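Here is a friendly tour of a few places in this chain.

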Amino acid sequence: MMKILASVICLLAVSTTGQAKSENGLKPRLVVCTDIAPADVEPDDMESMVRLMAYADCFEVEALITSVGWNCDPYPKEWADYLFRVIEAYRKDVPNLMKRSDQQGFLSIAQENGQQQIGYWPSADYMKSRAVMGSQRGGIKVIGEGNDSPGSELLIRLADEDDPRPIYVAAWGGANTLAQAIWCVKQTRSAEELKQFVRKFRIYTITDQDMQYNMRMDRAYSSHMWLRREFKNDLQFIWDEGTWQEQCELGKRHWQQHKENIQGKGALGQEYPTYKWGVEGDTPSFLYVMPNGLNDPEDPHQAGWAGYHERGVCPDSLTTAWTSWQEPLRSISVGYKQRFYPDELNDFMARMQWADEGRGNHNPQVIINRQKGLQPVRFKAKAGKTIRLDASKSKDPDGDTLSFRWWQQPEIGTSKIIITQADQPQTNIQIPADADKGELHLICEVHDNGPFRLPAYRRVIISIE
């Protein structure tokens, strides 16, 4: 109840600081488990953390947990200083970033601890208060007595809050801290209470880093296998093998753009290191949760900036999760990563311009059949019918000219829709006469013609009766 009351206070207070209540609703709750390290050890966590701060208006960052990963077991406490360096850079840049949404000030910390609206830039003090140490040792053998940490204790408190939103855990390193929190709850609560606790979480792991790199094929060593095995029906678990590698490779191919438009831009850009192995390999874990109208993280079938996933057997050949490591799914997921990467990079570069200069381009707003916001536009239709979709009321805050593209995501549903005038703001959708019952998914993809040609999306879901 206290968190709901804090949300009401938050909405009232935000309006007085110049930040209008967002029509897109509440932010998704995000927890990051990072093995952030010096740039000469592994710079990609630092890169991903800079990007996350540039999108702090999109996520309710509930915890930034420094913890074990491939390159560190045990995790050195002093490496957490690199997280605080990025937070302090955010402190310097957030006044400029706030100009992007005309935000005039911050809520109190007590109010920021309530529910945050999409579009609200939290204070650096709030971010700092959410930075804690997690598990410093890796593997299933350390789970249990003696492995509690401020991170695992915070996860328990977060899940126990009176908040219906799920908690998305982005594992840039190992998820040992989450496993420890679940173990603790298992010792003190009933089976039903444990199930309800676990169901609060969703997890996206960048490969399996609850171990040393040289033992990465020993799947049984990791607490991740325990999570997948013991809670397969209650924990949405995405194991990314493919999309994160493509993120690294695409970043290297486009490194010149990173050098020119990200590195050195504002205080955050000063903290963005040059890559060593790949660029921002951990970033897909929170791109998956990005509230940009393209995909719903509650449904991994929906393709987006983090690729595409289906439920199946994991690389350990013993457990199941949402993954795309085998063909043809791997190529499908990598294909979506390649398709959206120009939008993803342009969007990031535009935000770094805001961080540096306090001015820049805004994203368009897609309005379909007069429905605003980021939620999918839903229709019910019978086979053989035609649906008229009208995005002509879409707008651009800067008055830029918009271009449109309608397309179907073929992995959802078995029927191919006929789309007329797919490059116009208005289109007719012909449902095949032999369409099976179920859902069909379309995307309205919009770009402006301003700097960096910024994107916006809206998903259309048609239920065939």
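## Pocket and cavity

On a 1 Å grid over the protein atoms alone, a pocket is an open set of points with protein on both sides within 12 Å along at least five of seven lines, a cavity is a set of points where a 1.4 Å probe fits but cannot get out, and lining residues have an atom within 4 Å of a point. The second largest pocket is lined by 25 residues, and those nearest its centre are Pro28, Pro291, Asp296, Pro297 and Gln375. Its space comes to about 430 Å³, where a volume is the space filled by probe spheres set on the grid points, which are joined across faces, edges and corners. Sorted by class, the lining of this pocket has twelve nonpolar, seven polar and six charged residues. Here Ala, Val, Leu, Ile, Met, Phe, Trp, Tyr, Cys and Pro count as nonpolar, Asp, Glu, Lys and Arg as charged, and the others, Gly among them, as polar.

A word on the model: it is predicted, with local features needing pLDDT of at least 70 and side-chain atom pairs counting only at pLDDT 80 or more, while totals for chains, interfaces and linings use all residues. Residues are numbered from 1 along each chain as its sequence is written, and side-chain values use heavy atoms, with hydrogens and water left out.

How many cavities of 30 Å³ or more does the structure hold? There is one, and about 50 Å³ of space lies in the largest cavity. Among the residues that line the largest cavity are Tyr168, Arg202, Gln236, Ser285 and Tyr288. Two or more lining residues come from each of β4 (167–171), β5 and β6; helices (H or I, at least four residues) and strands (E, at least two) are DSSP runs, numbered from the N terminus. The lining of the largest cavity divides into eight nonpolar, two polar and one charged.

## Helix α9 and its cover

Helix α9 (residues 223–230) is largely enclosed by the rest of the structure, because six of its eight residues are buried. Buried means under 20% relative accessible area, exposed over 50%, and partly exposed in between, with a 1.4 Å probe and protein chains only. The buried residues of α9 are Ser223, His224, Met225, Trp226, Leu227 and Arg228.

What covers them? The cover includes α7 (176–188), β5 (201–206), β6 (236–240) and β8 (320–323). At the start of α9, a side-chain oxygen of Ser222 comes to within 2.9 Å of the backbone nitrogen of His224.

Leaving aside neighbours within four places in sequence, Gln180 is in contact (heavy atoms within 4.5 Å) with Ser135, Val142, Ile143, Gly144, Asn147, Asp148 and Ser152.

## The loop between β2 and α3

Gly69 lies in the loop between β2 (60–66) and α3 (81–98), and it counts as buried because its relative accessibility is 0%. Beyond its neighbours within four places in sequence, Gly69 is in contact with Asp35, Gly173, Gly174, Gln209 and Met211. From Gly69 to Glu411 it is 342 residues in sequence and 34 Å in space, C-alpha to C-alpha.

Pro74 also has its place in the loop between β2 and α3. The peptide bond from Asp73 to Pro74 is cis, with omega near 10°.

## Other backbone details

Another cis peptide bond runs from Glu327 to Pro328, with omega near 5°. Pro328 is found in the loop between β8 and α14 (329–357).

Asp102 has a positive phi of about 60° although it is not a glycine, and it lies in the loop between α3 and α4 (109–112). Glu280, not a glycine either, has a positive phi of about 55°. Glu280 is placed in the loop between α12 (266–270) and α13 (284–287), and counts as buried at 0% relative accessibility.

Definitions and conventions
Polar contact = N/O pair within 3.5 Å; in protein donor to acceptor, adjacent residues only side chain to side chain.
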